[in-house]
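Grab a pencil and work through these exercises with the model open beside you. Try each task before you read its solution.

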Amino acid sequence: MSWQPPTSATSGPRVILGCTGSVATIKVPELARRLQERGASVVIVPTKNACHFLRCQAKVDVGPTSPNPKHHRGGSQAYVNRPERRITNNGELRGSDSEEQNSSSDQCSRCGSRSPFFRRRQLPHLLSGDVEDASLKSLYPDLNFVLDEDEWSVWGGRGDPVLHIELRDWAQLLVIAPLDANTMAKVAQGLCDNLLTCMVRAWDVTRPLVFCPAMNTHMYTHPLTMKHTAILKELGYIEVCVVSKRLACGDVGPGAMAEVDNIVNAVMQELPGAQRISHGPF
Amino acid sequence: MSWQPPTSATSGPRVILGCTGSVATIKVPELARRLQERGASVVIVPTKNACHFLRCQAKVDVGPTSPNPKHHRGGSQAYVNRPERRITNNGELRGSDSEEQNSSSDQCSRCGSRSPFFRRRQLPHLLSGDVEDASLKSLYPDLNFVLDEDEWSVWGGRGDPVLHIELRDWAQLLVIAPLDANTMAKVAQGLCDNLLTCMVRAWDVTRPLVFCPAMNTHMYTHPLTMKHTAILKELGYIEVCVVSKRLACGDVGPGAMAEVDNIVNAVMQELPGAQRISHGPF
Amino acid sequence: MSWQPPTSATSGPRVILGCTGSVATIKVPELARRLQERGASVVIVPTKNACHFLRCQAKVDVGPTSPNPKHHRGGSQAYVNRPERRITNNGELRGSDSEEQNSSSDQCSRCGSRSPFFRRRQLPHLLSGDVEDASLKSLYPDLNFVLDEDEWSVWGGRGDPVLHIELRDWAQLLVIAPLDANTMAKVAQGLCDNLLTCMVRAWDVTRPLVFCPAMNTHMYTHPLTMKHTAILKELGYIEVCVVSKRLACGDVGPGAMAEVDNIVNAVMQELPGAQRISHGPF
Ligand SMILES: Cc1cc2nc3c(=O)[nH]c(=O)nc-3n(C[C@H](O)[C@H](O)[C@H](O)COP(=O)(O)O)c2cc1C
Ligand SMILES: Cc1cc2nc3c(=O)[nH]c(=O)nc-3n(C[C@H](O)[C@H](O)[C@H](O)COP(=O)(O)O)c2cc1C
Ligand SMILES: Cc1cc2nc3c(=O)[nH]c(=O)nc-3n(C[C@H](O)[C@H](O)[C@H](O)COP(=O)(O)O)c2cc1C
């Protein structure tokens, strides 16, 4: 029941990648894989709102309607739409279509959408676990996720591990990319109502904490953004600055998350002994 | 799927009316109608807690048990208690009474109450939409609501609209009435975990933002209230001050939301070209 | 429907005991009973996260599998695992095992666990009330709890009581033990999104408010902890300092909640006329 650090590549640097409710979270899988390619062992800790973007992005990567999707990499066949039979409450055998109304746990908790990828019947091997959790893990089988729910299900009594402390002890570096306006405000003001912000609140300040803001240019230019950024830097956290460009919402201006390459580079610089990313002319 | 601005009266001034978890939210329908009478196009953005008060107030306006209620104005016949038949999971035909236990989506998400007005069976034309949303829209058919859930259901992938940005671009003025202690603290400190506070965080400060605090006199006299009010005014937001009176909770003192007339007046003053409300002796 | 102050011992001092999402909340039942033994009338107001710890602790106190548990004190026989029969939706008689999938309300809302103690079928006398609430009340029949949900279910229209005001008016003293890092940050910054923090925001500062921080030593040494503690003390709140010891998570250092004896003593000192706890050599 207790959380186990990822078993693969435990010899490489240990990185926690926090992400939040910004559109830029759609780049998190790519960012995590780039860090893994550099030898890092990566655990992703998304906020609840970040999960919405991770799920939406998975649909783009895999394709929403393909009955036999080719997964990006390390893909499993878990999504193959195979007929399934279940015993109903009444003891009858029933096809899977009729149960759609009942499988509320297969919904995205944010938008309520019922993507074919969220349906429990397509994930029979995961039925016994947490479905919300299972969904992300099965959508991205090559990545490691730890969610808010895990923190509470892991602790059942005195002596049980406290997950935000375990993770904090395990990691050599914490990078929050993207860091949205809301979580930035929470961190700057000591609020900690989820796994990510609890880890930050308990962070060992002798270890690097890298943050990569990402917000609409109108949010970014709000005077409080500068104030909160200043507090984070006073705490010793390392900023990877936003860039100016056309944002997902159509507006143009500063606020976009730095390029994935630059974030990987910034992280690697803080990890002594780790492999630098090359920007050479290949 | 994307949000559409209200079609009626789009030539008049465009106003967003935010409201929060204060008892004074029961006056929001009246305030919205007054603004509409002045020619404004109004979109109401309530917090989750504000919805509780809007639902409770609807019961007062319409009357909870009337089988054929006369709605205040622009009322529909949606609430008429007509017999309805449905096919059950077992393929049987069943009367509507027996399904009450299952229609959890018809409950108020705050108090769990099951007013006759929240019952899905009475809103057959709304079955396909978001019921929480539908409830408010059907309780107040002459008003426009946008809720937290809408923000997330509208965005499904890169290129989709970001609702708090769309709304912010559409509106000429944002009035928050009532502004409760909690949302005041959030706004003053840059927290933005729902649609209303995201709009505020991204607000174009060259456009007026009017706020109307409303809180119990004991909350109001807390030193932090003054501090937060000062921050809001430094940001250029316009305060419509509280008044002293006997509050809903029985206490007497400052903290009550300003009169609806005064709020309408303050809003109209900030909208050049809009019709001023008359306080004349008729 | 309206909240009623605890009927027992209403002549003694009236104390509200707030508690939050810290492991130290497992000591809250003991603390409440000690205050009751000193003649105080105690109402416990836990945050949602605090409830998780109260439920886990109840399992320890009672024993999770005993079919006929001896409850600590004032225990009831409510948990005795007796066979039960229920009429299903189809009108059939059914054993209780088959309904486990449907009784979602018996789950802990934090960890999703389904302890035998949370199962509705074991609490037939409570079926008509709020189950979440009922669970705590039945797990600790000698203690009084008021929960976030109560605040919203009690208010249905103008004139109904506002629970955080009622409680604030009733109490002579508010002690928050344990006060975790998150709620400390919220209180220091005026946020009030649940019953406990609303009471604090409306607190009558002429009456004592005692707070007992409890957090992991890494959270505790974060510079914001000192800043927030200073704000609380400026507001006139009384601190019962943390102690240094081996924490539940294994770390050693300051951050542990003060001993129950010391908290009781601090509370009694603030209640004129109340019986002091003796630390004599018996
Ligand atoms: C097992 C466990 C133990 C925790 N212990 C503490 C603690 O002792 N102190 C603390 O400040 N936070 C602790 N936390 C973190 C809080 O529970 C978290 O910040 C939560 O959001 C607080 O919610 P609340 O302040 O609304 O009760 C713990 C979390 C878990 C999962
Ligand atoms: C489609 C969509 C895109 C958003 N993009 C951003 C963003 O890029 N940056 C930001 O600060 N907030 C953004 N938000 C707002 C946050 O999601 C919102 O503040 C949320 O409450 C943050 O939650 P979290 O900080 O717990 O993840 C977006 C919201 C939506 C619905
Ligand atoms: C019946 C009732 C009435 C309330 N009235 C007020 C009020 O007038 N002003 C206020 O600041 N808070 C009031 N509150 C407390 C807020 O509802 C609470 O702080 C809530 O978390 C605010 O949520 P929101 O800011 O997201 O809307 C009231 C709560 C209840 C249950």
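**Exercise 1. Find which residue of β5(B) stands opposite Ile16(B), and look at the strands around it.**

Step 1. Ile16(B) sits across from Leu174(B) in β5(B). Before going on, note that this is a predicted model, where local features need pLDDT of at least 70, side-chain atom pairs count only at pLDDT 80 or more, and totals for chains, interfaces and linings use all residues. Residues are numbered from 1 along each chain as its sequence is written, chains are lettered from A and ligands numbered from 1 in the order in which they are written, and side-chain values use heavy atoms, with hydrogens and water left out.

Step 2. Now the strands (DSSP runs of E, at least two residues, numbered from the N terminus; helices are runs of H or I, at least four residues). Strand β1 (residues 14-19) of chain B runs parallel to β5(B), with 4 bridges joining them. Strands count as paired if DSSP finds at least two bridges between them.

Step 3. Strand β6 (residues 209-213) of chain B also pairs with β5(B) in the parallel sense, over 4 bridges. Here Leu174(B) faces Leu209(B) in β6(B).

Step 4. Is β5(B) mostly covered or mostly open? Mostly covered: of the 7 residues in β5 (residues 173-179) of chain B, 7 are buried. Buried means under 20% relative accessible area, exposed means over 50%, and partly exposed lies in between (1.4 Å probe, protein chains only).

**Exercise 2. Find which residue partners Arg34(C) in a salt bridge.**

Step 1. The partner is Asp261(C), at 2.5 Å, N to O.

Step 2. Arg34(C) is in helix α1 of chain C and Asp261(C) in helix α10 (residues 260-270) of chain C, 227 residues apart.

Step 3. Both count as partly exposed: Arg34(C) has 22% relative accessibility and Asp261(C) has 28%.

Definitions and conventions:
Salt bridge = Lys/Arg side-chain N within 4 Å of Asp/Glu carboxyl O.
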